[in-house]
Amino acid sequence: MKEDYPYQKRETPTQKDKEFRLGEGKISGYSSVTLGVLSLLAVLAYLYPSYLTTYELRQVYDAQSLQGILKYGMYFSLFFGVLTFWVKKYRMMGTLGILLTTTALLLGGYKVPVDAVDNHRLSLGVDWLILAFMGSALIFITIEKLFPKYKYQVILRNEWGLDLFYFCFNHLAISAIIVYANYHVTHFEWAASASLQEAIQSIPILLQFVTIVICADFVLYWEHRLFHEVKTLWPVHAVHHTVENLDWLAGSRGHFVQVFSERAMVMIPLYLLGASEVALNIYVAFAALQAVLIHCNTSIPFGPLKYIIVTPQFHHWHHSSEKPAIDTNYSAHTILFDWLFNTMHLPGKHWPANYGTTKKLPSTFWGQVIYPLRVFLKNND
Ligand SMILES: [Zn+2]
Ligand SMILES: [Zn+2]
């Protein structure tokens, strides 16, 4: 801990015009459109499952019972749409929500027959997008509202649209990511050991899970550190660091090169360990939830756990542009490797006052996509 550093409190002014308040029609308008979009996407996924659903994910959920949720999603979209007319505000949004849901209903709604589908290697993960969006929004916005770090930071904060776009992009690309990661891991077949995998499978599930976490963390730590410390890689990862208002959506911002390489790298230890499916599934769920949580605008108390696992405070410091925090806190799951390799920055109760990159990057999706290439070309001119 740098005792002499003048830690300051972050200023977050109120943004009354961007807040969601009961009785103003805004919640109804946004809810109607959101549910309308999700309903239409869901119906399209039911109509064209080979192209719009994820093979690996379909093994886990029951498409039939999810139609029950879709039914209520549609009803609520219509209900909220009508509500905007009743309060006479946000009627444009209400109309749009009703139109989207009506289209979804006309296309078959929640009654589209669920057929068995074959395994298309490449598809768009529309199902993954819908489920992840609903789950994340529900769980993490609730946590952010109950235990906010920056009380006045709004859901519709600066650049939320950009991060929503990244969220959609990364989730739709899930099957491409899986195909790439599975292909990447074939290069490590030579290193696989049947006896090691048998030994791992023979230990209790909880121990298997802890082993996966530590091994994955080691790989993710070094992958992350290289992205920071190798000059040609930094512009790719810098995109993730352009967020200045962290919340549940902010972690989605990441260059696709980084997203693909991160998943491919973490597959290596998972593949080599050969742990049981239960342990693996627990790890995947844990990793997915933790990745969102650590970006959340929340100071939910972790007690002594904050000196073991990566928490929002720990990862918020990673996103800080303040001097003592630059190139620190690389770990994804536990703080072990940051502690071991002396890159940890967790100054007691302090949180960052400033977030983002020290040098400004483009603020559009495509600007950020080509940014690393532009830097590379400039440096090799
Ligand atoms: Zn980073
Ligand atoms: Zn991050």
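Visitor: Glu229 and Arg225 are separated by about how much of helix α10?

Guide: This is a predicted model: local features need pLDDT of at least 70, side-chain atom pairs count only at pLDDT 80 or more, and totals for chains, interfaces and linings use all residues. Residues are numbered from 1 along each chain as its sequence is written, chains are lettered from A and ligands numbered from 1 in the order written, and side-chain values use heavy atoms, without hydrogens or water. Helices are DSSP runs of H or I, at least four residues, numbered from the N terminus. Glu229 and Arg225 are four residues apart in helix α10, so the separation is about one helical turn.

Visitor: What do the side chains of Glu229 and Arg225 meet in, and at what N to O distance?

Guide: A salt bridge is a side-chain nitrogen of Lys or Arg within 4 Å of a carboxyl oxygen of Asp or Glu. Buried means under 20% relative accessible area, exposed over 50%, and partly exposed in between (1.4 Å probe, protein chains only). Glu229 is partly exposed at 41%, and Arg225 is buried at 17%. Their side chains meet in a salt bridge, N to O 3.1 Å.

Visitor: Which residues are joined into one network by salt bridges that share partners?

Guide: The structure holds eight salt bridges. One of them pairs Arg157 with Asp163, with the closest N and O atoms 2.8 Å apart; both residues are buried. The network is Arg157, Glu159, Asp163, Asp247 and Arg253.

Visitor: What is the site of the zinc ion (ligand 2), given the angles among its four donor atoms?

Guide: The donors are NE2 atoms of His240, His295, His315 and His319. Four count as tetrahedral if all angles lie between 85 and 135 degrees; four count as square planar and six as octahedral if opposite donors are over 155 degrees apart and all others between 65 and 115; anything else is irregular. Here the angles run from 93 to 155°, and the site is irregular.

Visitor: How many residues apart in sequence are the parts that His240 and His319 tie together?

Guide: Both residues are buried. His240 lies in the loop between α11 (234-238) and α12 (256-273), and His319 in the loop between α14 (312-318) and α15, so the pair ties together parts separated in sequence by 79 residues.

Visitor: How many disulfides does a search of the whole structure find?

Guide: A disulfide is a pair of cysteine sulfur atoms within 2.5 Å. For Cys168, the nearest cysteine sulfur is that of Cys296, 17 Å away. Cys168 is partly exposed at 23%, while Cys296 is buried at 0%. The number of disulfides found is zero.

Note on methods:
Donors are N, O and S atoms within 2.8 Å of the metal (3.2 Å for Na, K and Ca); water is not among the atoms, so sites may look incomplete. Helices (H or I, at least four residues) and strands (E, at least two) are DSSP runs, numbered from the N terminus.
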